[in-house]
Amino acid sequence: MRRACPASLPGIPGARAGAPPRGVRRWEEDANVGVRGRVPRGAKPHLAGAARLRANAFKQVLARTAVAGGRPSPIDGYACVGVDFRSASTEVLSALQEPDPGAAATRLLEELGADEVAILQTCNRFEVYLYSRSRDPMAQAARLREIIGRRGGGGAFALAGFDAVVHLFRVASGLESMVVGEHEILGQVRDAAERAIEAGSAGPMLRMLFERAVRVGRRVRTETGVSRGSVSVARLAVDMISRRLGPGSRLLVIGAGHMGSLIASYLRDAGFPDVTIVNRTFGRAASLASRLGYRAIPLEDLRRALASADAAIVAVSSPSPVITEDMMPASDLLILDVSVPRAVERPSARPTVQVLTIDDLVDLAEDNRLRRAAEAERAASIVMEEAGRFEGQLMGAIADGVIRSLMERAERVRELELERALRILGMEDGREVLDAMTKAIVNKVSAPIIEMLRELGRRGDAELLERLRGALEASPREIGASSEGDR
């Protein structure tokens, strides 16, 4: 429960008495709750474990903030708002899916007034990442939470600063997936960044964040066993069918995209010989069926195929249902719809037809999560380490920018003064010697200043670095006027 926060804390923008500094509030709120929301009575065991991990993470964030003296850091400009399979039903996730995430990110860029925006959407999550240099990202996140709430019915989480970065690193590492350690999310994170960059809604800060997240995800999978023998949603779907039906069952796989292809392949490995592939583009279905030794039919024949099937697995991307209630037979039929948005209507007058969705895979996913708990803790430690390094990288980038401004200004002054001295002396023969001498003076005088600026970066003093950058970025006209006055 959030404590009362009546008074502001001196020296910490936006912080209040009894509350952690900006960017760490979410960790405190999550310290006694699960991955998303308070742990209900009788909740799954992994939620309590997740709460402990987040409580430990919160302590590390407070320690970092104390070391930095409460100074703002460039990492404070990041924020994330979204929902995932834990906090939202398939219907909510379906309602939030954007047909063109790049265009949607561009719209949000203007509506929120953020500097950069990117959207990460999968069948199990919808998340918006933003970066703001001058405005409070938490205020923008609150606005975004309202927008998502209106479209999806509430339940969105909001993260800011360091914990927003940690969250994306956990997502890329597969620690926030329904199936812990699954590989597909890594490519989805990379694709989300590429779409936003191509649309012009993401710039250098989100590019840096997402690129680092992909590297962290790869490191986690290399150094831990969190992905070893990992399963996916496609594998869970086949496991569910295997538990309910025998190998002699007649099955339909509707969809021949990436997910449908995986499901069909896993069905073959599980010993199901009687499988028919259905797809809107028949050629794609025929190619997949030929490769696996199955049959293929066009989408127009789906109604007839449903009448003779024991089960159908639907994995398509369609704005409207591909199986409506009037297409469902009077005989027994199990339909597992792993599509987002849902592609199968809920039957109201077909008692013999059972429709399951991706939500029904949660228990199977939980078994997988518990088996990987130890490796997940190791992975979480790597994520926290990498997040700290990333903040150091951001501070180093700010320090490098100030150093660049310093050296550019020094070079402009050197060139102007060199030309002035040559005019006064009325000589050109000594240009080469004077040029080398003035360069050496600039380099020797600036060396200790550069080291001091790098030390400021290591200490996390972003505010002072930004003030120095502003002071150094005087126009060449001002520098020239100063030199002219010395004649």
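A salt bridge here is a side-chain nitrogen of Lys or Arg within 4 Å of a carboxyl oxygen of Asp or Glu. By that criterion the structure, which is a predicted model, holds 26 salt bridges.

One of them joins Arg 143 to Glu 111, with the closest N and O atoms 3.2 Å apart. This pair links distant parts of the chain, since Arg 143 sits in helix 5 (residues 137-152) and Glu 111 in helix 4 (residues 101-112), 32 residues apart. Arg 143 has a relative accessibility of 31% and therefore counts as partly exposed. Glu 111, at 43% relative accessibility, also counts as partly exposed.

Another salt bridge is formed by the side chains of Arg 125 and Glu 127, at 2.7 Å from N to O. Both Arg 125 and Glu 127 are buried, that is, each has under 20% relative accessible area.

A further salt bridge connects Arg 295 with Asp 274, and its closest N and O atoms are 2.7 Å apart. Here too the pair links distant parts of the chain: Arg 295 belongs to strand 7 (residues 295-298), while Asp 274 lies in the loop between helix 10 and strand 6 (275-279), 21 residues away. Arg 295 is partly exposed, because its relative accessible area is 46%. Asp 274 is partly exposed as well, with a relative accessible area of 22%. Elsewhere, salt bridges that share partners join Arg 212, Arg 219, Glu 223, Glu 385, Glu 386 and Arg 389 into one network.

Phe 390 is found in helix 14 (residues 373-425). Its relative accessible area is 0%, so Phe 390 is buried. Between Phe 390 and Met 208 there are 182 residues of sequence separation, yet their C-alpha atoms are 9.1 Å apart in space.

Helix packing comes next. Two packed helices are described by the angle between their axes and the distance between the axes. For helix 9 (residues 233-244) and helix 10 (residues 258-269), the angle is about 45° and the axes are 9 Å apart. The crossing of helix 9 past helix 10 is right-handed.

Ile 441 counts as partly exposed because its relative accessibility is 46%.

Note on methods: Residues numbered from 1 in each chain as written. Predicted model: local features only at pLDDT ≥ 70, side-chain atom pairs only at ≥ 80, totals over all residues. Heavy atoms only, no water. Buried < 20%, exposed > 50% of the residue type's maximum accessible area, 1.4 Å probe, protein only. Axes fitted to C-alpha atoms, helices over the stretch in contact; angles between N-to-C directions. Helix = DSSP H or I, 4+ residues; strand = E, 2+ residues; numbered from the N terminus. Left-handed = near helix turned anticlockwise from the far one by under 90°.
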